[in-house]
Amino acid sequence: MKEKVKFYGSIFIMILFVPYLITVYLRDGFQEISFFRKEDVQSEQRVEEILASEIPADYEMECLKAQAVIARTNLVRQMQEGQAVQEETGWTEAQMRVAWGQDYEKNRERIAAAVAETKGQILTWYGETIQAAYHTACSAKTRNASEVPGQAAYCYLVSVDSPDDILADGFLSIGTMQKEAFADALAALFPDETMDAGQLPGALQIVERDKADYVTKVQYGRTIVSGEAVRSALHLNSACFYLSETDGKIRIVTKGIGHGLGFSQFGAQQLAKKGDSYEELLHYYYADVDIKKTEY
C-alpha cells in the first residue's frame with residue numbers, strides 16, 4: 001500500500017513540473033533554475049533607482065558597479081538598523097527621463113547592468129555591514145574617520161591618496177560674501193556669542209584641520225563647532241575651506257566636493273579608466289572590507 005502511495009505521488013509531482021521544465025528547455029535550454037523572493041527583486045530595483053541618482057550614468061562601468069555595491073550596502077544597513085527607507089530615495093523613471101533626455105534608454109541599460117552584475121553584493125567589515133560613505137571628489141586625499149568629529153567608529157574609512165580629484169569640475173571654488181551676510185549665516189552656530197561682523201573673518205578661528213586639510217574645529221569666542229557645521233551653514237562645497245579678507249568682503253576658497261570620507265567617485269572614475277576593477281576600487285577606498293553576497 002505504501003509503495004502504491006509513493007508511486008502515485010511521484011506521478012503527481014511529475015505531472016505538475018514536466019510542462020514547466022519543457023517550457024524552460026524550449027526557451028533557453030535546460031539551465032539552473034533560481035527562485036528569488038519578491039522582496040529581493042524589489043530591493044534590487046530600489047538599488048537601480050538609488051544608483052541612478054548617485055552617480056553620472058556615463059561613468060566607467062567598473063565605477064558604476066562599485067557605486068552599485070555602495071548603494072546596496074547602505075540600503076541593507078538601513079534595513080538591518082530598522083530604519084524606514086524613504087520612498088523618495090533614488091530617482092523615479094520620470095526623473096531619469098528628465099535628467100537623461102535622449103540618453104535615457106542607454107543610461108537605463110547601464111544602470112541596470114551595473115546592479116545585475118553585482119547582484120546581492122555588499123561591503124562588510126569583520127562581518128558587519130559598513131557605512132559606505134562616498135563623495136563626489138576629495139581634496140586630493142580622502143579623510144580618516146578617526147579625525148572627523150562623530151565618525152571615529154568607522155575605522156574602515158581611512159585616508160588614501162586620490163590626486164586626480166583636482167581635475168573634477170568644480171573642485172576649486174572661490175567666492176566672496178559680505179561680512180554681515182557671513183555673520184548672519186553663522187549666528188545660529190554660536191547662540192551664546194555676540195558676533196561682530198566687523199571683526200570677521202579674523203575673529204573666527206580655524207582651530208584644527210585633519211591630515212587631508214579639511215577643517216575639523218572652528219572657534220568664535222568661547223564656542224567651538226565642527227568644520228562640517230560651518231560648511232553646512234555657509235553652503236560650501238566641502239569643509240576643506242580657507243577664509244581671508246579682500247576689499248572689505250570675506251573671500252572663501254574651497255577644495256573638493258562633499259565630505260571627503262570613503263569612496264571618491266571622481267577618483268574612482270579615473271582609476272577605472274586606467275583599468276581597475278570595481279573590486280579593486282572598493283578595496284582601495286575602504287580598508288579591510290570584504291565583498292559579500294547577501295539576502296535582503
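Helices (H or I, at least four residues) and strands (E, at least two) in these legends are DSSP runs, numbered from the N terminus. The views come from a predicted model, in which local features need pLDDT of at least 70 and side-chain atom pairs count only at pLDDT 80 or more, whereas totals for chains, interfaces and linings use all residues. Residues are numbered from 1 along each chain as its sequence is written, and side-chain values use heavy atoms, with hydrogens and water left out.

**View A. The cis peptide bond at Pro201 and the loop that holds it.** Pro201 belongs to the loop that runs between α6 and β5 (205–209). The peptide bond that joins Leu200 to Pro201 is cis, with an omega of about 5 degrees.

View B. Asp213, in the loop between β5 and β6, has a phi near 80 degrees, a positive value in a residue other than glycine. With a relative accessible area of 29%, Asp213 is partly exposed; the classes here are buried for under 20% relative accessible area, exposed for over 50% and partly exposed in between, computed with a 1.4 Å probe on protein chains only. Asp247 lies in the loop between β8 and β9 (249–255), where its phi is near 50 degrees, again a positive value in a residue other than glycine. The relative accessible area of Asp247 is 76%, and Asp247 therefore counts as exposed.

**View C. The buried face of helix α7.** Helix α7 spans residues 227–234, and its buried residues are Gly227, Val230, Arg231 and Leu234. Seen down the axis of α7, these buried residues fall within an arc of 100 degrees, so they line one face of the helix; the arc is that of the directions from the helix axis to the C-beta atoms. The elements against which the buried residues of α7 pack are β4 (172–177), α6 (179–186), β6 (215–220), β7 (223–226) and β8 (241–246). Just after α7, His235 adopts a positive phi of about 60 degrees.

View D. Thr216 is part of strand β6 and, at 2% relative accessibility, counts as buried. When neighbours within four places in sequence are left aside, the residues in contact with Thr216 include Arg143, Glu147, Pro149, Glu208 and Arg209, and also Val225, Ser226 and Gly227; contact means heavy atoms within 4.5 Å.

**View E. Packing of helix α3 against helix α5.** Helix α3 (residues 61–80) and helix α5 (residues 104–116) pack at an angle of about 60 degrees, and their axes are 8 Å apart. The axes are lines fitted to C-alpha atoms, for helices over the stretch in contact, and angles run from 0 to 180 degrees between N-to-C directions. On the α3 side, Met61, Leu64, Lys65, Ala68 and Arg72 meet Arg110, Ala113, Ala114 and Val115 of α5.

View F. Ile70 is found in helix α3 and is buried, with a relative accessible area of 0%. Apart from neighbours within four places in sequence, Ile70 is in contact with Leu123, Ala132, Tyr134, Phe263, Leu282 and Tyr286.

**View G. Aromatic pairs, with Phe263 and Tyr285 as the example.** A search of the whole structure finds eight aromatic pairs, where rings of Phe, Tyr and Trp (its six-membered ring) pair if their centres lie within 6.5 Å, with planes under 30 degrees apart counted as stacked, over 60 as edge-to-face and the rest as tilted. Phe263 and Tyr285 form an edge-to-face pair, at 5.5 Å centre to centre and with 70 degrees between the planes. This pair links distant parts of the chain, since Phe263 is in strand β10 (residues 263–264) and Tyr285 is in helix α9 (residues 278–285), 22 residues apart. Phe263 is buried at 0% relative accessibility, and Tyr285 is buried with a relative accessible area of 1%. Elsewhere, ring pairs link Trp125, Tyr126, Tyr154 and Tyr156 into a cluster.
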